[in-house]
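Subject: Model for you to look at

Hi,

Here is the model we talked about. Please open it alongside this note. My findings follow below.

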Amino acid sequence: MVDKKATRAAYGEALVEFAEKYPQLVVLDADLSCATMTKNFAKSYPDRFFNCGIAEANMTAIAAGMATCGLKPFTNTFAIFAAGRAYEQVRNSIAYPYLNVIVVGSHGGVSVGEDGATHQMVEDLALMRAIPGMTVVNPCDANEMRLAVEALLEYDGPAYLRLGRSPVETVTDRAADYRFELGKGVTLKDGSDVTIAATGLGVQLSLEAAKILEEEGISSRVLDIHTVKPLDNDLLIKAAKETGCIVTVEEHSVVGGLGGAVSELLSEEYPVPVIRHGVNDTFGRSGKAAEVLEYYKLTPKDIAVSCKMALNKKN
Amino acid sequence: MLTTDRGELMNTSELEITAAKARLLILDGVHTAKSGHPGGSLSCVDTLVKLYFDEMNVDPDDPQCPDRDRFVLSKGHCSPALYSVLALRGFFPTEDIKLFRSIKAHMSGHPDMRNVKGVDMSTGSLGQGISTAVGMALAAKVNGKDYRTYAMLGDGEMEEGQVWEAVMAAAKYKLGNLLAFVDVNGLQIDGRTDDVMPTSPLDAKFSAFGWNVLKADGHDFDSLKSAMKAARELTDKPSVVLLSTVKGRGVSFMENNAGWHGKAPDDEQYETAVAELKAHLAELEGKYYG
């Protein structure tokens, strides 16, 4: 039985773990503290926790005001509201004055499951990435999430952090030489025929896809791109040169997320075939998380198919 | 070193003279830029003069002092008023007003905290400033500081739903260190606020949301003084001063005319306005200095 844990659970633990070390950390929520996992921080540090009610725009701008006074706010709500409803507050009150606020979007992507399209955010990476100066982080597992929270506590500037609802296998703790650094991707598996650049739970799916490809004699490289912005240009250009084609994998629209970012980079720097594997410019739908992921072809088998398409384009 | 420290720096006559000078700078900025928002700037500028010269702990030589009082211009389009008052207060030279909205300089169209000295928060998108002010007032509590936070909103701005989210939050956290002003000039870009989207009765609304409600004549320094003094003594919950004001105040042809919300005067209009404002300033100075 594989040990699974949701990144939101690891996030909630990390807030408590780092609270003493970073006394300027304050946590804001919008009536979702049980879902975003900030409830334990709220219990342990009630004077540093602010439940702003169902008013995400206000919460986001309150955080901006706090940051001007030296606090380090983490705002918490679902990704749809953090990056969607409060987009303009993030843009104008946080990013434009370049304030030290971490905007946390929980329940990103379609693996939210049963709640359906209104709550399945597949545009957040695109929206946040388009804002000048924003750092955009989408960790793939519990281990990486903990390290991302610590790195963002050390970071000085506006950032977006995406959390997932569903439990996922922890894979980064067993990767050789794994080290977390904002803006630096990680090579989880080396390979020479095709590169799979993945983010969030796309990473676990891609590692499984690599096994399928291996059985068919195809050598794939798997990159964990936890920071969608700033993108690790060097790692991706090197992969393009060495493997000649790239498949991006994300639980996000194929428009504007990791696929968009990698395509923008490579079209200018080193054009090779890129297949964007993700939610194909459509809304989500209700279902069990696993069913929904399968519906949108976010499975190892389907990623392997995309890899073969990329190989065909290369040859 | 905070310079005002509750000392009464200026008497009413001096405040009136300063406000007259600020009005001239507002006209200068908007006329030079051939762009900007004179109407609302002229309606809120007296309150800003009162704040920066006789109310807030601020120090132009130490604009980032963590203990300073904060001001957020939630109706950010009235940057000409804020920039003029900051210049007169010594944060930067009054000549910089000529660079308002210019590609060549740092005096952006809406308040920019990163580039204009003395600006505590970048604003311009209505409804957001009051929330950031709530954040500053909350931060004072977290950090154990006793500075106060002030915010200026427009009566048209009250149409933004976010304002009421912020008003709710300020009441929840009993922010007695927060004082908001609403510049009730009755006009917004498209016409009378009562026609576009009525926001009254603001007093009953704020009361119902759990705020102390005060009223003042926004062009009368004695009235402003009493209201701000009363607000200081009300520390159990946030306070708002509803300012009765005239849009375009001080320039006869701009007064009570929504057309001057976001329009710059041409050269002839500028000369007329300046002549009026200078005559008023001379009259005030004559009376005061003899």
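How many residues of domain 1 of chain A are in contact with domain 2 of chain A? There are 30 on the domain 1 side, and they meet 33 residues of domain 2 of chain A. Please keep in mind that this is a predicted model.

First, where the domains sit. In chain A, the domain assignment puts domain 1 at 4-169. Domain 2 of chain A covers 176-314. Their C-alpha centres are 24 Å apart.

Now the domain 1 face that touches domain 2 in chain A. The largest share comes from α8(A), with four residues. By class, this side of domain 1 has 15 nonpolar residues. Another nine are polar and six are charged.

Next, the contact between the chains. Chain A puts in 26 residues and chain B puts in 24. On the chain A side, α4 (56-68) and α6 (87-95) each supply at least two residues. Here α4(A) has the largest share, nine residues. The chain A side divides into 15 nonpolar, eight polar and three charged residues.

To look at these places yourself, start with α8(A) for the domain contact. Then go to α4(A) for the side of chain A that touches chain B.

Best wishes

Key: Residues are numbered from 1 along each chain as its sequence is written. Chains are lettered from A and ligands numbered from 1 in the order in which they are written. This is a predicted model: local features need pLDDT of at least 70, side-chain atom pairs count only at pLDDT 80 or more; totals for chains, interfaces and linings use all residues. Domain bounds come from an automatic or database domain assignment. Two residues are in contact if their C-beta atoms, placed from the backbone, lie within 7 Å. Ala, Val, Leu, Ile, Met, Phe, Trp, Tyr, Cys and Pro count as nonpolar, Asp, Glu, Lys and Arg as charged, and the others, Gly among them, as polar.
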